[in-house]
Amino acid sequence: MLSVKDLKASVEETAILKGINLEVKAGEVHAIMGPNGSGKSTLASVLAGREEYDVTGGSATFDGEDLLEMSPEDRARKGMFMAFQYPVEIPGVNTTNFLRTSLNEVRKFNGLEPLNGADFLKLMKEKMNVIEIDKSLTTRSVNEGFSGGEKKKSEIFQMAILEPKLAILDETDSGLDIDALRIVAEGVNRLKSSDNATVIITHYQRLLDYIVPDFVHIIYDGRIVKSGGKDLALTLEEKGYDWIKEEFGEMTEA
Amino acid sequence: MAEHYKSIFESAGNKLPDNACSNLSHTRENALSELESIGLPNNRMEYWKYSRIGKVLKGLEVNLGLADEELSSLPLPSSVEYSSLSKAIADNHPLIEKHLGKYAGIVNAGLTALNTAFFSNGIFIHVPDDTVVEDPIYLPQHSANADGGIVQPRNLIVVGRNSSVTIISEGTSGSTDAMINAIEEIVVGENASLSQYLLQNDEGNSVNGSYVLQERDSRYSRVTTTLNGTFVRNNVNVRMEGTGCESNLYGYYHIRGKNQVDNHTIIEHKEPDCLSNELYVGLLDEDASGIFNGRVMVHQDAQRTNAFQSNKNILLSDNATMNTKPELEIYADDVKCSHGATIGQVDQEALFYLQSRGIPKQIAMSMLLQGFSIEVTDKIVDEDFRGKVLEQILDHLNTG
Ligand SMILES: Nc1ncnc2c1ncn2[C@@H]1O[C@H](COP(=O)(O)OP(=O)(O)OP(=O)(O)O)[C@@H](O)[C@H]1O
Ligand SMILES: [Mg+2]
């Protein structure tokens, strides 16, 4: 589904991604871990199409199509979804209108009829129950004045409405309380199927107790330096990143 | 040039409505001599700095034609007096004598003096005391008649004690070789409330001068939306003459081409415990230029004044310009004032966020820009009119 090969990206001439390789197949859950500043969010942003990053090498395909050539909106309409680490506040844009525009744009692109107001509200209500999000949030401006946790929940709520093929969750677990974490994880699990895939960027084993990954990757200094099964996350939880830094630190200096 | 306007005035003869008992002719003559001495505005005057007024006025003569005023056909409560100004003058209405020409200061104000000397018609509205007018009153549009030149419409609006009313006007349309020089005088009586909503979406040049006098405990709100107009200058002057007044001035503008929109506000806090609140936001595209000048005066007696002002702009093109300037003059010591002005670009992160949810860039942009206007349009309480304004704002955004 997603195939990233030797992907390199920089911002203002500074290299951040230094050759990422990642294969995600339908039905899989991948976890990406790594120390602060190692390039996790950059990878997610480049895949979602953020313009401020220059792709300087490598490739990325999504269902066989060149992802890097697509506009951000086309990536979304073809089924990619990124839950932002820091969702932006958009004053003056009503959440419900935004969600409906979003869903209908995605539907239109895929040859489906747009949902009318009533049907959309029904869908929204249904998803609101799953994610246990407060109804009042949907009447407000997008993310405006939302608490940290509410912003994260709102990202997952959007995901539940759009039902993407590939979801990349960038530290969706940080800022969530224990109950919210469980709810969000259940939401993700419920959407899981053999047709879609999830990439979870996280610092904590906690979320991975709920959403069990098939693969765990460690990013360090813009590269995936280690991949393994779910046990790798446990090792990290136990030992931290020092051993990774020791093992791979020299490589960057060389 | 000497005596230029006097000779026009003399030639006007009985084209200018007047009456025997009021001192209107005296008022006109005063205005005329002020006009002779100061002349019409030009860009060397501080108050007209950055303005295109000089260019607009070039070659325009005073137009003595009666701007035809079509009165609103909507039913009004019988308690409201609503007529053409010329009729109120002819009828010797006591409020004419009491208010007309009393608030629109002519000193150093050439265009106001011009209007006062030469106005021929306009609207007179009187909401008597203790009257709540449920439905809004629609003012007719001032239009420059075929002869071009500078046209002088004049309105007088008097809202009585404890009364409340909404007044809506749409457009002052002129043609590019004419200019509307409109003046309105507004009195908001004790504990009365007036909401005024304006939609400017026509071509042409206009200078719109509003002089608002607020009595004790009155509330005045004004929401001006400007989407078109070669040259639109709005001068809003509010004087709070009693304690406990509240005044809200809001504006949204989105202009393009070579158009210019210029909002000049003056709020005078003369008495204690009043609140004024100003919010102007706008978009400037292509070669358009915008001006905001917000002057707030807090006189010595006006203790416990709250005065807030904010002007936010987004430039949508490299050639668009905005000049924004707050002017606070504070002579009282116990006051809370704030002001802020921003000139920026569209929030790229917000744009990306919307796009990353499948919304095409064009639509995402229009959503963000519309969101920018919401803070102002939300202040239009009348739902029908708000709907209309929102629709035109969106139309305007989508026909870029
Ligand atoms: N727009 C930008 N301008 C400058 N530097 C940037 C930009 N975006 C990312 N970087 C830098 O690139 C590096 C990787 O950042 P990134 O956000 O991808 O890290 P991360 O792995 O997500 O970290 P965290 O765990 O703290 O979220 C950091 O050093 C960061 O400062
Ligand atoms: Mg990050």
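I began with a helix pair in this predicted model: α1(B) and α6(B) run roughly parallel to each other. I looked up the angle behind that. The axes of α1 (residues 4-12) and α6 (residues 110-118) of chain B cross at roughly 20°. Angles under 35 degrees count as roughly parallel, so the label follows. The two axes come within 11 Å. I noted the handedness too: α1(B) passes α6(B) in a right-handed crossing.

Next I listed the residues in contact. From α1(B) I have B:Y5, B:I8 and B:F9. They meet B:L114, B:A117 and B:F118 of α6(B). I then sorted this contact by class and got 6 nonpolar, no polar and no charged residues.

I moved to the metal. Which residues coordinate the magnesium ion (ligand 2)? I found A:S41 through OG and A:Q85 through OE1, at 2.0 to 2.1 Å. A:S41 sits in helix α1 (residues 40-48) of chain A, and A:Q85 in the loop between β6 (80-83) and β7 (90-94), so the pair ties together parts that are 44 residues apart in sequence.

A:S41 is partly exposed, at a relative accessible area of 25%. A:Q85 counts as buried, at 15% relative accessibility. The cut-off for buried is under 20%.

Last, I went back to chain B for B:S83. I placed B:S83 in strand β1 (residues 81-84) of chain B. B:S83 counts as buried, with 12% relative accessibility. B:S83 and B:E329 are 246 residues apart along the chain, and 39 Å separates their C-alpha atoms.

Note on methods. Residues numbered from 1 in each chain as written. Chains lettered and ligands numbered in written order. Predicted model: local features only at pLDDT ≥ 70, side-chain atom pairs only at ≥ 80, totals over all residues. Heavy atoms only, no water. Axes fitted to C-alpha atoms, helices over the stretch in contact; angles between N-to-C directions. Helix = DSSP H or I, 4+ residues; strand = E, 2+ residues; numbered from the N terminus. Parallel < 35°, antiparallel > 145°, perpendicular 65-115°, else oblique. Left-handed = near helix turned anticlockwise from the far one by under 90°. Contact = heavy atoms within 4.5 Å. Nonpolar A, V, L, I, M, F, W, Y, C, P; charged D, E, K, R; others polar. Donors = N, O, S within 2.8 Å, 3.2 Å for Na, K, Ca; no water. Buried < 20%, exposed > 50% of the residue type's maximum accessible area, 1.4 Å probe, protein only.
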